[in-house]
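The sequence and coordinates are shown first.

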Amino acid sequence: MHDRNISRRTLLSSTAVAAAAVASTAAVTTTATAAVPGRRDSARARARLRRVIARMSLEEKVGQLFVMRVYGHSATAPDQADIDANLTEIGVRTAAELIEKYHVGGIIYFAWAHNTRDPHQIAALSNGIQKAGLAKETPVPLLVATDQEHGIVCRIGKPATLLPGAMAYGAGRSHDDARTAGRIAGAELAAMGVRQDYAPDADVNVNPANPVIGVRSFGADPQAVAGLVAAQVSGYQSAGIASTVKHFPGHGDTKDDSHFAIPTINHTVEQWTEIDAPPFKAAIDAGITAIMTAHIIVPALDPSGDPATLSHPIVTGVLREQLGYDGVVITDALDMAGVREKYGDDRVPVLAVKAGIDQLLNPPDFPLAYNSVLAAVKSGEISEERVEESVLRIFELKDRLGLFDAPYVAEREVDRVVGTRAHLAAADRIAERTTTLLVNKDGLLPLSRRKQREVLVVGADPASPSLSDGPPTKVVAGALTELGFDATALSTGTAPTAAQIDAAVAAAEGKDVVVVATYNVSATSSQRTLVSSLIATGVPVVTLSIRNPYDIAQLPDVRASVAAYAWTDVELRAAARVIAGKARPRGRLPVPVQRADDPARELYPIGYGLGY
């Protein structure tokens, strides 16, 4: 039996301040501490944490393993539509009810769940979540998390600082820039109460056809990726954030997206050791606090056909025993098809815990997942000691982040830290060092405001991150106009129709140059027809790849080509400054570009890039 009548003070000495905060709204202004996540807890701290765990019920322990989504901008008073969504999907009305009923150890924020309207709202939501956790009989702070990789994966938009994505840093080749970006991103997240970031991506993108990683990776050179991963981990964690590298054991060589299928990585052990392992080893050496697993099959590491997330040989055998990692291991989202095809939703979380996982992220049917793990412990399939082992790791992480001492964030910190002029200026400077010039026939670039004043910007307009300026054609045209050009925008989409192509050709009449934003151009893409039709007008054409840099292989006849690596405002503005000659192109390809007519041959190698 567990003693349920103990005082909060006896639970853990460092919770005294946090527990008192439940009774005092003034305590909500306590600033989150910038703890050092990489340090090892003392034996005394671990003993105190063990005493907390010993006083918890089994239900509380199991709840700590889960990190769950919840709809709403507020922990206690979300909009009615979000209450209805929570009741339908989880069986509770609010985040506070989720914490009270299921004792979850963490919450993940999504823009689509209406968690991230603006920085002040996010901070208030985070404080409400912590208040709910500390109001329980066993007061435990929560890990609030999100995917804020920057580049093409951002859950929190303007006025927070939006930074370049991973492949842009690969092009910039600066560990200092990667570290600085991590520190800025981490500081802003911490100010909003988000203390775990599922970033950076440690996958080595050696497959140009990879549909899910691509520019989320730092590149195709394992050692270069390893150095940038370590630098960014250092930056995040210096700001008091639990950095989480992903997707172990390596998602960089796949043609399938694990959101929709189970990819198989056919690397040998030797190839895995040479290609996939170095970034994860570097992260571990850098003191990484958490590692996320991939829903991929790697037969050389586990021939059973189980995805890595559910694989004891991979999670425990390779990650913990072979690589010596003893920190928190979290699953990728459990609502993804890659982990659900072989086993039912009731078995997936159980098998993940048995494999060695600590945190179970976002199961599709949360009550089923929770009750399945609880039943597995009660039946003896999973020992209570095994659950306590994971809870201790999670508690140690929370303690290292200072959450037991100072779980709340202050409104004044939001204004002081988030989206500051210094951070925005740093993002612009970093982005300028990443833009890559691949083609520049006859010195077309930089453009001259005197000779090439009239500019048409056409092309793809994928959805921009929340609260960014977007769409891309508008951002580029606006940036060029600010730089003294007369630029107009015309969106033609990622799959332009014949009518859209005709409209672009008509709009190009009388223009001095056309800039075409391209997005993952394939051999069959109508973007190729758009570009060739514009070239046929005789107006000089500049292509700007706004996602993968491989587009140029499909567009050999353009006069000039620039790679931006993402379509976020900061990278597009930097590319516009390069096109206009206000900045020099300094980026170098972090991945090779193969020839379209002979993929076995390189068109441009790693490290290629022009200048002026």
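Ser57 has a relative accessibility of 12%, which is under 20%, and therefore counts as buried. The model discussed here is predicted. Ser57 belongs to the loop that joins α3 (43-54) to α4 (58-64). Although 81 residues separate Ser57 from Thr138 in sequence, their C-alpha atoms are 9.2 Å apart in space.

**Nonpolar cores**

In soluble globular proteins, nonpolar side chains tend to be buried together. The largest nonpolar core of the model comprises 119 residues, and Phe66, Leu98 and Ile129 have the most contacts inside it. When neighbours within four places in sequence are left aside, Ile129 is in contact with Ala75, Ala95, Ile99, Ile107, Tyr109, Leu142 and Val144. Another core, of 65 residues, lies apart from the largest one; Val457, Val476, Ala487 and Trp567 are among its members.

**Packing of α10 and α11**

The axes of helices α10 and α11 come within 8 Å and cross at roughly 20°. Angles under 35 degrees count as roughly parallel, and the two helices α10 and α11 are therefore roughly parallel to each other. Their crossing is right-handed. The residues that meet across this contact are set out by helix below.

| Helix | Residue range | Residues in the contact |
|---|---|---|
| α10 | residues 222-238 | Pro222, Gln223, Val225, Ala226, Val229 and Ala230 |
| α11 | residues 269-285 | Glu274, Ile275, Pro278, Pro279, Ala282 and Ala283 |

By class, the contact of α10 with α11 consists of ten nonpolar residues, one polar residue and one charged residue.

Conventions:
Residues numbered from 1 in each chain as written. Predicted model: local features only at pLDDT ≥ 70, side-chain atom pairs only at ≥ 80, totals over all residues. Heavy atoms only, no water. Axes fitted to C-alpha atoms, helices over the stretch in contact; angles between N-to-C directions. Helix = DSSP H or I, 4+ residues; strand = E, 2+ residues; numbered from the N terminus. Parallel < 35°, antiparallel > 145°, perpendicular 65-115°, else oblique. Left-handed = near helix turned anticlockwise from the far one by under 90°. Contact = heavy atoms within 4.5 Å. Nonpolar A, V, L, I, M, F, W, Y, C, P; charged D, E, K, R; others polar. Core = buried A, V, L, I, M, F, W, Y, C linked by side-chain atoms within 4.5 Å. Buried < 20%, exposed > 50% of the residue type's maximum accessible area, 1.4 Å probe, protein only.
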